[in-house]
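Me: I would like to learn how to read a structure that is new to me, one feature at a time. Could you show me the general idea first and then the case at hand?

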Amino acid sequence: MANKQISSTQNPLIKHIVLLKDKSRERKKTNTFVLEGERELQLALDGEYAIQTILVLPEIYDITKLGNFPETIDIIEVSKEVYQKVAYRETTEGILAIAKSKPHQLEAIVFNNNNPLILIAEAPEKPGNIGAILRTADAANVDAVIIANPKTDLYNPNIVRSSVGCVFTNQIATGTTTEIITFLKKNNIDIYSAILQDAVHYHEQDYSKASAIVVGTEADGLSDTWRKASKQNIKIPMQGAIDSMNVSVAAGILIFEAKRQRNFK
């Protein structure tokens with residue numbers, strides 16, 4: 001049970017949490033981040049994230065539930081004013097936590113079978129799109145998600161929120177485009193890049209073997225490096241007035257075609 005209380009917004013821990021919430025630099029310097037909500041907290045624990053501190057607003061969150069969490073976690077009750085200072089969501093559950101981040105190195109990826117399915121996104125900028133991609137990856141139970149040339153850190157509160165905790169459920173790595181292509185070729189994983197040049201319709205390809213499906217941003221698409229590295233470039237037939245769609249939607253279409261070919265296994 002909670003045995004500490006904080007009622008001042010000037011408390012050093014509260015100031016630190018505000019920095020973690022707002023500044024990528026602070027998250028990277030301390031290798032910690034803030035997550036909010038009971039579901040997200042449980043998913044982080046299930047994903048073997050080290051939770052350091054939990055803050056609860058007793059007026060909203062049932063403190064008796066705290067007995068379900070590891071005893072090593074520092075639990076602190078806070079006032080409504082303090083909670084409003086550190087909470088990210090407009091509608092909240094009265095619980096948030098500080099957790100240790102993970103390094104997300106390519107070499108740390110573990111494949112549990114000989115025909116992994118990987119989703120790769122190059123240089124995604126919008127946290128909402130990254131969160132949606134991670135939700136898609138979780139829904140399809142892909143073997144890994146790789147972010148090439150990341151423009152924002154994975155523990156941006158917008159990504160944690162928009163992924164509804166799927167940032168903790170996916171096996172995620174980051175790296176440069178060149179590093180990732182080298183990694184894929186070393187592991188004999190075929191590359192299918194969603195790019196218009198030299199492309200065929202996506203449903204004409206066989207993704208039943210080890211495959212990586214690569215998507216780029218709606219504005220810039222994929223770099224030419226991916227086009228040259230692909231086994232085959234693929235495209236989604238566009239039948240309306242515009243020639244592109246949201247990256248997370250495109251990723252969902254392509255990944256679930258691969259899952260269909262694999263009988264959703």
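Me: Is Asn188 buried or exposed?

Reply: Buried means under 20% relative accessible area, exposed means over 50%, and partly exposed lies in between, with a 1.4 Å probe and protein chains only. Because its relative accessibility is 63%, Asn188 counts as exposed. This is a predicted model, in which local features need pLDDT of at least 70 and side-chain atom pairs count only at pLDDT 80 or more, while totals for chains, interfaces and linings use all residues. Residues are numbered from 1 along each chain as its sequence is written, and side-chain values use heavy atoms, with hydrogens and water left out.

Me: Where does Asn188 lie, and what is its phi?

Reply: Most residues other than glycine have a negative phi. Asn188, however, has a positive phi, near 55°, and lies in the loop between α7 (177–186) and β9 (190–194); helices (H or I, at least four residues) and strands (E, at least two) are DSSP runs, numbered from the N terminus. Phe264 also has a positive phi, near 55°, and is found in the segment after α9 (247–261). With a relative accessible area of 53%, Phe264 is exposed.

Me: Which residues touch the most other members of the largest nonpolar core?

Reply: In soluble globular proteins, nonpolar side chains tend to be buried together. A nonpolar core here is a set of buried Ala, Val, Leu, Ile, Met, Phe, Trp, Tyr and Cys residues joined through side-chain atoms within 4.5 Å. The largest one has 51 residues, and Leu35, Leu41, Ile51, Ile54, Phe69 and Phe168 touch the most other members. Its largest share, six residues, comes from α9. Apart from this core lies another, of 21 residues, including Ile181, Phe183, Leu184 and Val214.

Me: What does Ile51 touch?

Reply: Contact means heavy atoms within 4.5 Å. Not counting residues up to four places away in sequence, Ile51 touches Leu35, Leu41, Ala44, Leu45, Ile73, Ala97, Ile98 and Ala99.

Me: How many helices and strands are there in the chain, and how much of the chain is buried?

Reply: The chain has nine helices and twelve strands, and buried residues make up 50% of its 265 residues. Among contacts with a separation of 6 or more, 77% join residues 24 or more positions apart. Along the principal axes, the C-alpha atoms fill a box of roughly 60 × 40 × 30 Å.
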